[in-house]
Amino acid sequence: MPVPVSDLRARFPAYRRTLDGRPVVYLDGPGGTQVPDLVIEAIGSYLRDGGSNVGGGFATSLVSDRVVADARSAMADLLGGRPEEIVFGPNMTTLTFGMSRALSRAWQPGDRIVVTGLDHDANISPWVAAATDRGAEVVFAELDRRVPTVDLDHLESLLDRRVRLVAVTHASNAFGTVVDVARVCRAAHSVGALVYVDGVHHTPHRPVDVGELGCDFYVCSGYKFFGPHVGVLWGRADLLAEITPYRVRPAPPDPPDSFETGTLAFESLAGLTAAVDYLAGIAPDGGVDRRTDLVASMTAVASYERELGRRFLSGLGRFSGVRLYGPPDPDGERTPTFAIELEGWEPRAVAAELGRRGLFVWAGHYYAVEPMRRLGVLDRGGLVRIGFVHTTTVDEVDRLLEMLDALASG
Ligand SMILES: Cc1ncc(COP(=O)(O)O)c(C=O)c1O
C-alpha cells in the first residue's frame with residue numbers, strides 16, 4: 001500500500017507554516033520531526049481533562065496508570081518487544097547514562113567496552129564515562145571511511161572474552177548508513193558481550209524487530225518519530241531483572257519501573273502512544289493488530305523514502321561542486337539522510353542561505369563528532385545534513401535541488 005502523503009500532511013499543523021508566502025520545507029527530521037494532530041490532541045486532552053501521579057487509585061490517577069501502560073504496549077508494538085521490557089525517560093541520552101551506570105557496576109579493570117567511530121556521542125560518552133569510573137578500557141571499532149559505516153571486520157577483530165558490551169548505532173544520524181546490527185549481535189554474543197543499540201535515527205524510517213536483531217538493549221526517542229520529547233529503552237526482560245539500577249528507596253523495586261527515576265511525563269506518554277498509532281495508520285495491513293500494521297506501514301515508509309532518495313541523488317549527480325558523504329545508492333542500506341559539502345561554501349552558510357529561502361536543513365556535526373573527525377571535516381564546520389521523512393514530497397525534493405544548484409553554480 002502506498003504512503004498517502006498529502007492526506008498525511010494535512011494532519012500536521014506545522015505544514016501550514018509559510019515564509020514569504022511559500023510553505024516552509026522541513027528537511028531537519030534527523031534533528032526532530034513535526035507532529036500530527038492526534039499527538040497534539042492526546043497531549044492536550046491529558047492536560048485538559050485532569051491528571052495526577054500514578055498509583056493513587058482515584059479517577060485521575062487511574063488515567064495516568066492507563067497512560068503509562070498504553071505507552072508501554074505501544075512501544076512494545078513499535079519495537080517488537082513486550083510491554084514489561086519498555087523503560088521511559090526524558091530522552092535517549094539520559095536513559096543511556098542511566099543504563100551505563102547500572103551496567104558498569106559489574107565492570108572492573110581488565111574489562112573492555114567497544115564503541116564505534118560512526119555513532120552519535122550519546123552512544124559513546126556515557127560508556128566512556130562509566131568505563132573510566134570502573135577502570136575498564138574503551139576501544140573504538142573504526143569507521144570505514146569509504147561509505148562511511150562501521151568497519152564490521154575491525155569490530156569483530158576486537159571481540160574477545162574481555163568485552164562486556166558493544167554500543168553501536170542502527171543507523172547513522174549523519175550519513176543515513178544502516179548498520180548490520182544482527183551481525184554485530186551474533187559476533188558479540190559469541191564472546192559473551194551485550195549489545196546496546198542506538199535506534200534513534202533508524203526508528204522513523206524502517207520497521208524494527210528487536211527479536212530479529214538479537215540485541216540486548218534498543219533505545220529511541222519519540223521526537224524523532226513524530227511524537228513528543230520522551231526517551232524509550234527496550235531491554236531484554238531477563239537482563240532488566242538482573243541489573244540493579246540506581247534508584248530512590250521508596251520507588252518501585254521491579255522493572256521496568258525501577259529504571260525510571262522520578263515522575264514520568266504522562267502527557268508526553270499519551271502523545272507517544274498517539275504517535276505510534278499514527279505510524280500504524282500510515283499504510284495498515286488490514287488492522288489485524290497494531291504490530292502487523294506498524295510493520296506494513298514502516299515497510300511502505302521505507303519504500304517511499306527510497307523513491308525520494310533516488311530522485312535526490314540522481315538530481316545531485318547532475319551538478320558539480322557538491323560532494324556526498326554517505327552511501328551513493330538510494331536502494332542500499334540507508335535512510336534518506338544525506339550529508340553533503342558544497343565547494344567554496346561553509347556548511348553553516350549553506351544552511352543559512354537555504355533557511356532564508358524556507359528550506360530548513362542542519363549544518364555542523366550534529367553530535368556525530370567521532371565520524372566527522374575521522375573524515376577530517378570536524379574542524380571545517382562539519383557538513384550540511386538533509387533529511388527526508390515519509391511526509392516529504394517530490395516537489396520539496398525538487399525545490400531543494402533547484403536551490404542547491406543555484407548555490408553550487410553561483
Ligand atoms: C542517532 C542519535 N542518537 C542519539 C541521539 C540523542 O537523542 P536524545 O536527544 O533523545 O537524547 C540523537 C539525537 O540527535 C541521535 O540522532
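A polar contact is a pair of N or O atoms within 3.5 Å. Thr 93 gives an example: one of its polar side-chain atoms lies 2.5 Å from an oxygen atom of the ligand. The model shown above is predicted.

**Ligand site**

- Which residues surround the ligand? They are Asn 91, Met 92, Thr 93, His 120, Ala 122, Asn 173, Asp 198, Val 200, Ser 221, Tyr 223 and Lys 224.
- Met 92 uses its backbone: an N or O atom there lies 2.9 Å from an oxygen atom of the ligand.
- Ser 221 uses its side chain: an N or O atom there is 2.4 Å from an oxygen atom of the ligand.

**Helix 4 and helix 5**

- Two packed helices are described by the angle between their axes and the distance between the axes.
- Helix 4 covers residues 92-104, and helix 5 covers residues 125-134.
- Their axes come within 9 Å and cross at roughly 30°.
- Angles under 35 degrees count as roughly parallel, so helix 4 and helix 5 are roughly parallel to each other.
- The crossing of helix 4 past helix 5 is right-handed.
- On the helix 4 side, the meeting residues are Thr 96, Phe 97, Met 99, Ser 100, Leu 103 and Ser 104.
- On the helix 5 side, they are Ser 125, Pro 126, Trp 127, Ala 130 and Arg 134.
- The contact residues of helix 4 and helix 5 comprise six nonpolar, four polar and one charged.

**Helix 3 and helix 11**

- Helix 3 (residues 59-79) packs with helix 11 (residues 290-316) at an angle of about 45°.
- The axes of helix 3 and helix 11 are 8 Å apart.
- Because of that angle, helix 3 is oblique to helix 11.
- Helix 3 passes helix 11 in a right-handed way.
- Helix 3 brings Asp 70, Ser 73, Ala 74, Asp 77, Leu 78 and Leu 79 to the contact.
- Helix 11 brings Arg 290, Arg 291 and Leu 294.
- How do the residues of the contact of helix 3 with helix 11 divide, and how many are charged? Four are charged, four are nonpolar and one is polar.

**Helix 12 and helix 14**

- Helix 12 spans residues 347-356, and helix 14 spans residues 394-409.
- They pack at an angle of about 130°, and their axes are 11 Å apart.
- Helix 12 and helix 14 are therefore oblique to each other.
- Their crossing is right-handed.
- Val 350, Glu 353 and Leu 354 of helix 12 make the contact with Leu 400, Met 403, Leu 404 and Leu 407 of helix 14.
- The residues of the contact of helix 12 with helix 14 comprise six nonpolar, no polar and one charged.

**Backbone details**

- Val 147 and Pro 148 are joined by a cis peptide bond, with omega about -15°.
- Where is Pro 148? It sits in the loop between strand 7 (143-144) and strand 8 (149-150).
- The peptide bond from Pro 255 to Pro 256 is also cis, and its omega is near 0°.
- Pro 256 belongs to the loop between helix 9 (237-242) and helix 10 (266-280).
- Tyr 366 has a positive phi, near 45°, and is a residue other than glycine.
- Tyr 366 is placed in the loop between strand 16 (362-364) and helix 13 (369-374).

Conventions. Residues are numbered from 1 along each chain as its sequence is written. This is a predicted model: local features need pLDDT of at least 70, side-chain atom pairs count only at pLDDT 80 or more; totals for chains, interfaces and linings use all residues. Side-chain values use heavy atoms; hydrogens and water are left out. Axes are lines fitted to C-alpha atoms, for helices over the stretch in contact, and angles run from 0 to 180 degrees between N-to-C directions. Helices (H or I, at least four residues) and strands (E, at least two) are DSSP runs, numbered from the N terminus. Angles under 35 degrees count as roughly parallel, over 145 as roughly antiparallel, 65 to 115 as roughly perpendicular and the rest as oblique. A crossing is left-handed if the near helix is turned anticlockwise from the far one by less than a right angle, and right-handed if clockwise. Contact means heavy atoms within 4.5 Å. Ala, Val, Leu, Ile, Met, Phe, Trp, Tyr, Cys and Pro count as nonpolar, Asp, Glu, Lys and Arg as charged, and the others, Gly among them, as polar. A residue is near a molecule or strand if one of its heavy atoms lies within 4 Å of it. A polar contact is a pair of N or O atoms within 3.5 Å; within protein, one must be able to donate a hydrogen and the other to accept it, and residues adjacent in sequence count only if both atoms are side-chain atoms.
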